[in-house]
Each structure stands twice: as C-alpha cells, then as structure tokens.
Amino acid sequence: MHVPKGFAVVTPYIFVDGAEKYIEFLEAAFNAIEIGRSKAPNGRIANCQLRLDTATIMVSEASEQFPASSGAFYFYVEDADTAMERALDAGAEKIMDVENMPYGDRQGGVRDTSGNIWWVSERLSAAPYF
C-alpha cells in the first residue's frame, strides 16, 4: 500500500462554507502551510491540502453534494498556551482553558470559525496513555 508522504492512513477532510477564509484561519491559528490546491470549474476550492507539522489535512468548499460538516481534532503542539493564544487571536472561541490533565497532557480547547473543535495538547510525559 502506498500512502503519500505527509498523509496518514486516515487523513481529516473538512468541508466548510467559505473555504478560502477557513484556510486563512488555519494558517493564522495553527501555522498550517498550504501544500497545494485544486479548483472546480466554477472556481470553488475542490481540494486544498495543508500541512500541520507532521500531519496533512484537506479542506474543500462545501456544496449541495458535500455539505459543510464539523469534527473534532486532537492537535499536538510544542506549547499549548502559545498555540491556544494564536487560535484565539485568529478568531477561535475558547471552550476549555489550558490546564494540566491527569493523563499527561497540557490541554485546552477551541471551536474554530467553522464549528470544528480542536483540542490543543502539549504532551508533558513520555509515557503512553494506557
């Protein structure tokens, strides 16, 4: 099996209304780096691939056939407090303060501009969860 570099066997694919603005949010909030994009004949973003550190996500403009949907993402970062501030500055809504968790993460939560939840997490321990 061949999985493209930067992708995992499961890769988030987010359909949003206002994909261009959402991509700008991801760049500002999470330092996402656009890898490339394709557009449909009508000009809408058909697929935009973005890199978040070692992970790749895909974003498309929602349509009647593929309506906007929301999800939840667990996002590991070097510094949860700094990442949380960036997300809030970019327009995310705080849903949970950054705190040390009993399972070894320092974590906070935000809801992004399209309704997705991002658990911004800094691993404090080298130990596994289970």
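At what angle do helix α1 and helix α2 pack, and how far apart are their axes? Keep that in mind as you set up your viewer.

This is a predicted model, in which local features need pLDDT of at least 70, side-chain atom pairs count only at pLDDT 80 or more, and totals for chains, interfaces and linings use all residues. Residues are numbered from 1 along each chain as its sequence is written, and side-chain values use heavy atoms, with hydrogens and water left out.

**Stop 1: the two helices.** Select residues 19–30 (α1) and 80–89 (α2): they pack at an angle of about 150°, with their axes 7 Å apart. Helices (H or I, at least four residues) and strands (E, at least two) are DSSP runs, numbered from the N terminus. Axes are lines fitted to C-alpha atoms, for helices over the stretch in contact, and angles run from 0 to 180 degrees between N-to-C directions. Now show F25, E27, A28, A29 and F30 of α1 with A83, R86 and A87 of α2, which make the contact (heavy atoms within 4.5 Å).

**Stop 2: the sheet.** Next, colour the open sheet of four strands, ordered β5-β8-β7-β6 with mixed pairing; two strands pair if DSSP finds at least two bridges between them. At the edges are β5 and β6, each pairing on one side only. Helix α1 packs on this sheet and touches β5, β7 and β8.

**Stop 3: strand β7.** Buried means under 20% relative accessible area, exposed over 50%, and partly exposed in between (1.4 Å probe, protein chains only). On one side, β7 pairs with β6 (residues 93–100) in the antiparallel sense over five bridges, including N100 with R106. Seven bridges join β7 to β8 (residues 117–123), also antiparallel; there, Q107 stands opposite S121. Look at the turns too: G104, between β6 and β7, has a positive phi of about 95°, and G115, between β7 and β8, takes a positive phi near 95°.

**Stop 4: the core.** Finally, show Y22, L26, F30, L50, V59 and W118, the residues with the most contacts inside the largest nonpolar core, which has 28 residues. Such a core is a set of buried Ala, Val, Leu, Ile, Met, Phe, Trp, Tyr and Cys residues joined through side-chain atoms within 4.5 Å. Its largest share, seven residues, comes from α1.
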